[in-house]
Amino acid sequence: MKKADFLIIFIVLICSVLIYFSPTKQENYKILIYVNGKLKNEIDYNDSLNEKFTVSSEFGKNVVKIDKNGVKVTESTCADGLEIKQGYINKKGQSLICLPNRLVIKLKSGDEYEAVSY
Amino acid sequence: MKQFRINKIATISILVCVGIILGYIESLIPMFKILPGVKVGLSNIVLLYAFYKFSYKESLIIGILKAFLSALLFSGLMSFFYSLFGVFLSVVSMIMLTRLFKVNISVIGISIASSAMFNVGQIIASMIILLNTAPVYYLSILFFCSVINGMITGFITKILLNRI
């Protein structure tokens with residue numbers, strides 16, 4: 001082992017650590033809102049979005065809030081309000097579900113590819 | 001002159017064969033398959049050996065032939081695309097480092113650098129295929145493993161160069 005060998009080990013390890021701690025890219029995902037199994041609304045998420053809207057149907061009403069932290073349900077006509085207690089969701093594959101109102105809010109990957117086989 | 005060329009062709013083809021077999025043996029050992037994409041890279045020994053014994057040209061030829069043949073034999077042609085970038089970048093890093101440090105660098109350092117650059121090439125290839133920058137984050141794990149793997153292959157190559 002010579003001097004430059006240690007230098008290379010050092011550089012590669014530093015690169016590894018730098019990439020590991022580099023800020024991850026804002027995930028881009030789609031917010032899919034289903035009522036009674038039917039797709040009602042589809043929104044492309046970005047963190048400048050700041051809106052509040054009501055999803056109403058024959059089963060009940062829910063107020064959905066979208067802001068920089070993610071998506072949450074703030075008000076609901078259902079009895080238990082479990083989806084309100086769940087708070088924000090902001091990762092792909094997470095979902096908010098309100099069974100009495102038959103409401104499902106899903107976050108789906110916005111990228112074209114989810115898996116690639118070699 | 002003719003004798004010399006035949007000699008070289010034979011040597012290169014033997015090294016390509018050894019490289020393919022080493023790659024195959026490596027894929028049979030499940031211990032090395034803990035993380036996807038992380039391999040000890042035993043066939044890197046052949047590239048390094050060719051680089052030290054002959055020149056970068058032979059190393060590049062062996063790398064490309066080995067990638068092509070092992071893609072045809074074992075995995076799909078897609079892996080040829082991945083390896084091609086890797087082989088090219090790792091040979092370039094070998095040339096650059098030997099020019100830059102001359103006598104101050106040993107086989108081990110070059111082995112580590114080339115295995116790290118092989119991973120960079122693969123990540124670039126996967127970025128082109130996916131059209132996405134997400135694979136970059138996997139480089140962190142790959143770099144860390146390439147230090148260990150590069151040391152292993154570097155030590156083996158050092159022993160090999162002393163004996164043959």
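A crossing of two helices is left-handed if the near helix is turned anticlockwise from the far one by less than a right angle, and right-handed if clockwise. The model shown is predicted, so local features need pLDDT of at least 70 and side-chain atom pairs count only at pLDDT 80 or more, while totals for chains, interfaces and linings use all residues. Residues are numbered from 1 along each chain as its sequence is written, chains are lettered from A in the order in which they are written, and side-chain values use heavy atoms, without hydrogens and water.

**View 1. Helices α5(B) and α6(B) meet in a right-handed crossing.** Helix α5 (residues 107-130) and helix α6 (residues 139-163) of chain B pack at about 140°, with axes 7 Å apart; axes are lines fitted to C-alpha atoms over the stretch in contact, and angles run from 0 to 180 degrees between N-to-C directions. Helices are DSSP runs (H or I, at least four residues), numbered from the N terminus. That angle makes α5(B) oblique to α6(B), a term for angles that are not under 35 degrees (roughly parallel), over 145 (roughly antiparallel) or 65 to 115 (roughly perpendicular).

**View 2. Helix α2(B) passes α4(B) in a right-handed crossing.** Helix α2 (residues 44-53) and helix α4 (residues 78-101) of chain B pack at about 40°, with axes 11 Å apart. The two are therefore oblique to each other. B:L47 and B:F51 are among the α2(B) residues in this contact (heavy atoms within 4.5 Å).

**View 3. Cysteine A:C98 is buried, at 2% relative accessible area.** Buried means under 20% (1.4 Å probe, protein chains only). B:C145, at 14%, is also buried.

Methods
Buried < 20%, exposed > 50% of the residue type's maximum accessible area, 1.4 Å probe, protein only.
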